[in-house]
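This briefing covers selected features of one protein model.

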Amino acid sequence: MNRPSIFITTAIDYTNAPPHLGHAYEKILADCYARHYRQRGKAVFFLTGVDQHGQKVQQAASRAGIPPASYASQITELFRQLWQKLDISYDGWAETTHPTHKKVVQNILSQLLNQNDLYKAEHSGFYSVRQEQFLTDKERNEKGEFGPEWGEVIELVEENWYFRLSNYRQWLASFLDNHPDCVFPPFRSVELRNAINKTSGDLCISRPKSRLSWGIEFPFDNSFVTYVWFDALINYISFAGFRSDDPSEVSSFWSRWPALHIIGKDILVPAHGIYWLTMLKAIGFSDDQMPSFLVHGYINIAGEKMSKTLGNVVDPFRLSENYGAGALRYYLMAECICGQDMDFSTERLTLRYNSELANGLGNLLNRTANMVRRYRNGTLIRPPSPTPQANSLISQAIQTWQSVAASMDAFKPQEAIASIFSLVDSANKFAEAESPWKLAKDPTQSHRLDSALWAMALTSLHAASLLSPFLPNETQKIAAQLQSPLLTYSNHSSSQQDCFQFAEPQPVFPRIETNTTS
Ligand code: ME8
């Protein structure tokens, strides 16, 4: 990540149902990255939002007996509230019903028509009336039939607009051969490359208004709306200034682009890896302007996929009410391995929070604050030449910044957190070894006492600063207690800090009692 700016996006979430823990995980992951790169002095543009069109939303609205626009805006509000509760610091917000987005989508459709990348054709096939979709052989059951879940299945002939994806298939295959690193983790890149070999044909990108009205109208054929994916993917550029009427917005767009898209494993193939890359190529983006993908795994519950049918969908509002947004953010980032599925458990959340935050960092901070107040009246002056033991702890703190940056760049946030906690551990062990409470009894040990307390206070500040992308709220409280601003990558090693003035100690990480329910 040597670029001076970074453009992070997440998938925009369907507004057909309220947010679940999987949505929260993706946004927290992206937010930790956005905050981490801001701390490294990069110009970050973090875009997220909601996918408001399409059949799923139209169907959910009709079940609720309200117009799709009202339904989508109610669910949109829930997403916005959740991101606020979870301290998600996005810079751009995408709502696909926004007129600016609609204009960009229509503009792209017209461009593709003019360059002969679109054509109209008839398709005949089996169609599920209940699910309102064409069925393929993949939907047949073991008996080779369309099961009762599809309701009445009829043969239907329908005219639609198609995007000449097949014109770009060869390009996509060689692009991926030359840029396998554009997808992380590597096995997902292989999965995408294999999928390209199996794809054929073009992409149907319209739906007749007679069966789906909730979408963006074709600018040159008003009896059709745009297929939801063709509409939704464009959010990544339409809400970042691409083809804006304002030239300064357009130049900001090009200073941000290409994006790092953070998406779940279910939407790499075919949506992002095939549709989006070929769409960008057709619009005119060069190979150097292609985005990259961080593909995360799923949050499962007791080994099972979260689903309404299983009744195991975890409500992130309730979790953050019961445990606090910080505990949830911390646990998800400390335990996830980017790219792999993760089993969610409130027991693990409680265990990690209590042992690492309450007992680890919380304890370091409390004992430091209490001793500085007791032995130094709350004010600690930097000793001119700290003891070698204190210096060694301080050097570890300074080195941790590099390990954290390297782990984050390698998409290993769990390793970044582990190196911060090895620093906290060292500081607590240092406290035991130095035993400032014993040094305080002997006036000849005054310099050693100052050194020990100084190293502990400074390490608390380093650890809190390094953790701030993960725990923005709690680490601000630590900074307030140390009466000292959090450090950044540009000032951590040359900090001119020469004094700590401790405020009244407040427990920043109160223990979670194990009888709290999820
Ligand atoms: O796919 N664990 O929306 P969506 C982790 N609107 N992540 C999960 C998850 C889980 N259990 N379940 C879903 C859409 N996700 C489209 C995206 S982008 C132009 C349009 C992730 O609400 C999922 O992988 O179904 C996706 O990245 C995001 O949540 C939104 O899913």
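Helices (H or I, at least four residues) and strands (E, at least two) are DSSP runs, numbered from the N terminus. The model is predicted, so local features need pLDDT of at least 70 and side-chain atom pairs count only at pLDDT 80 or more, whereas totals for chains, interfaces and linings use all residues. Residues are numbered from 1 along each chain as its sequence is written, and side-chain values use heavy atoms, with hydrogens and water left out.

**Second largest pocket**

- A pocket is an open set of points on a 1 Å grid over the protein atoms alone, where a 1.4 Å probe fits, with protein on both sides within 12 Å along at least five of seven lines; lining residues have an atom within 4 Å of a point.
- The volume of the second largest pocket is about 410 Å³, a volume being the space filled by probe spheres set on the points, which are joined across faces, edges and corners.
- Its lining holds 21 residues, and Asp181, Cys182, Met290, Pro291 and Ser292 lie nearest the centre.
- Strand E8 (183-184), strand E13 (259-264) and strand E14 (292-296) each give two or more residues to this lining; E14 gives the most, with three residues.
- The lining comprises 13 nonpolar, three polar and five charged residues, where Ala, Val, Leu, Ile, Met, Phe, Trp, Tyr, Cys and Pro count as nonpolar, Asp, Glu, Lys and Arg as charged, and the others, Gly among them, as polar.

**Sheet**

- An open sheet of three strands has the order E10-E12-E11, with antiparallel pairing; two strands pair if DSSP finds at least two bridges between them.
- Strand E10 (206-208) and strand E11 (217-218) are at the edges with a single partner strand each, so one side of each has no neighbour in the sheet.
- Two bridges join E11 to strand E12 (residues 221-226) in the antiparallel sense, and Phe218 has Asp221 in E12 as its bridge partner.

**Helix crossing**

- The axes of helix H3 (residues 68-85) and helix H11 (residues 316-323) come within 10 Å and cross at roughly 25°; axes are lines fitted to C-alpha atoms over the stretch in contact, and angles run from 0 to 180 degrees between N-to-C directions.
- H3 is therefore roughly parallel to H11, a term for angles under 35 degrees.

**Backbone geometry**

- The peptide bond from Trp257 to Pro258 is cis, with omega near 5°, and Pro258 is in the loop between helix H9 (247-256) and E13.
- Val269 and Pro270 are also joined by a cis peptide bond, with omega about -5°; Pro270 belongs to helix H10 (residues 268-283).

How values were computed:
Angles under 35 degrees count as roughly parallel, over 145 as roughly antiparallel, 65 to 115 as roughly perpendicular and the rest as oblique.
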